[in-house]
Amino acid sequence: MAAVARLLELSRAVTAEGYPVKLHIAHLTVPQGFHLLEHYRALGVDVSAETCIHYLTLSEDDLNTQGAPLKCNPPLRPAEMQEALWAEVLAGRVALITTDHAPWPPELKDKPNIFDNRSGMPGLETMLPLLYSEGVVRRGLPLTEFARLTASGPADRFGLAHRKGRLQVGLDADLTILDPRASTTVRAAGSYSIARHSPYEGRTLSGRITHTLLRGAEVFDGQTVVAQPGFAQFLTPEFA
């Protein structure tokens, strides 16, 4: 919280001098931080913040059980703080939800001394089913908020709304199709990542991703990544 407050105060001071700052805070895990952001927005600071899916779905209890594979920065918080973080999401005070995908291979996450292990965990493949299962199904997160947190929100904040984030004529046809009637059981052995471990191993989630399209072309068919290397494009942000 001290680091967040310092960033906010520096941004307020610089903005007041006539040099507007666009500030985004990553990996915010303390629920009170989102209230502090609201205070500074009222003072004219252009600030947003995200939290990561693992802070919403894992806690210190899981760290005590699984150990080093769950080491991350910032660290996992107590279960009661996790639920308070969900309250911030449901209240609309969280700008976006991210993964901080860090697919370390097992040999860099299996040391007996937790401090000898790398920080971070894989999260890219499980984020959408986790957010749908824990947010939409379990806690009643509206689907419009689900889309804002994962698509339109990031595009707007990072200057990509001219190409990304919405189903709209003239924008890229980027689609992720999730079947709400199906389920996903997490099995790290079948991961597309170099990490052959997952903190959600064996967990069954509501919803299954059946297709992913990028610029109208299928890149994932529900079973296999079918995109060819080099298909991605570098985008230049555009801010109003």
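The chain has seven helices and six strands, where helices (H or I, at least four residues) and strands (E, at least two) are DSSP runs numbered from the N terminus. This is a predicted model, so local features need pLDDT of at least 70 and side-chain atom pairs count only at pLDDT 80 or more, while totals for chains, interfaces and linings use all residues. Residues are numbered from 1 along each chain as its sequence is written, and side-chain values use heavy atoms, with hydrogens and water left out.

**Overall build**

- Going along the sequence, you get the pattern α-β-α-β-α-α-α-β-α-α-β-β-β.
- The radius of gyration (taken over C-alpha atoms) is 19 Å, close to the 18 Å from the globule rule for 240 residues, so the chain is as compact as a globular protein of that length. That rule is 2.2 Å times the number of residues to the power 0.38.
- Along the principal axes, the C-alpha atoms fill a box of roughly 55 × 50 × 35 Å.
- Of the 240 residues, 39% are buried, meaning under 20% relative accessible area with a 1.4 Å probe, protein chains only.
- Among contacts (heavy atoms within 4.5 Å) with a separation of 6 or more, 63% join residues 24 or more positions apart.

**Helix pairs**

- Two packed helices are described by the angle between their axes and the distance between the axes. Here, axes are lines fitted to C-alpha atoms over the stretch in contact, and angles run from 0 to 180 degrees between N-to-C directions.
- Helix 1 (residues 2-16) and helix 2 (residues 32-42) have axes that come within 11 Å and cross at roughly 10 degrees. The two are therefore roughly parallel, a label for angles under 35 degrees.
- On the helix 1 side, Val 4, Ala 5, Leu 8, Glu 9 and Arg 12 meet Leu 36, Leu 37 and Tyr 40 of helix 2. That contact splits into six nonpolar, no polar and two charged residues.
- Helix 5 (residues 79-90) and helix 6 (residues 127-139) have axes that come within 12 Å and cross at roughly 75 degrees. That makes helix 5 roughly perpendicular to helix 6, the label for 65 to 115 degrees.
- Glu 83, Trp 86 and Leu 90 of helix 5 make this contact with Leu 131, Glu 134, Gly 135 and Arg 139 of helix 6. The tally is three nonpolar, one polar and three charged.

**Ser 193**

- You'll find Ser 193 in the loop between strand 4 (175-185) and strand 5 (204-214).
- Ser 193 counts as buried because its relative accessibility is 10%.
- A polar atom of the Ser 193 side chain lies 2.9 Å from the backbone nitrogen of Ala 195.
- Leaving out residues up to four places away in sequence, Ser 193 touches His 101, Pro 103 and Glu 125.

Technical notes
Angles under 35 degrees count as roughly parallel, over 145 as roughly antiparallel, 65 to 115 as roughly perpendicular and the rest as oblique. Ala, Val, Leu, Ile, Met, Phe, Trp, Tyr, Cys and Pro count as nonpolar, Asp, Glu, Lys and Arg as charged, and the others, Gly among them, as polar. Buried means under 20% relative accessible area, exposed over 50%, partly exposed in between (1.4 Å probe, protein chains only). A polar contact is a pair of N or O atoms within 3.5 Å; within protein, one must be able to donate a hydrogen and the other to accept it, and residues adjacent in sequence count only if both atoms are side-chain atoms.
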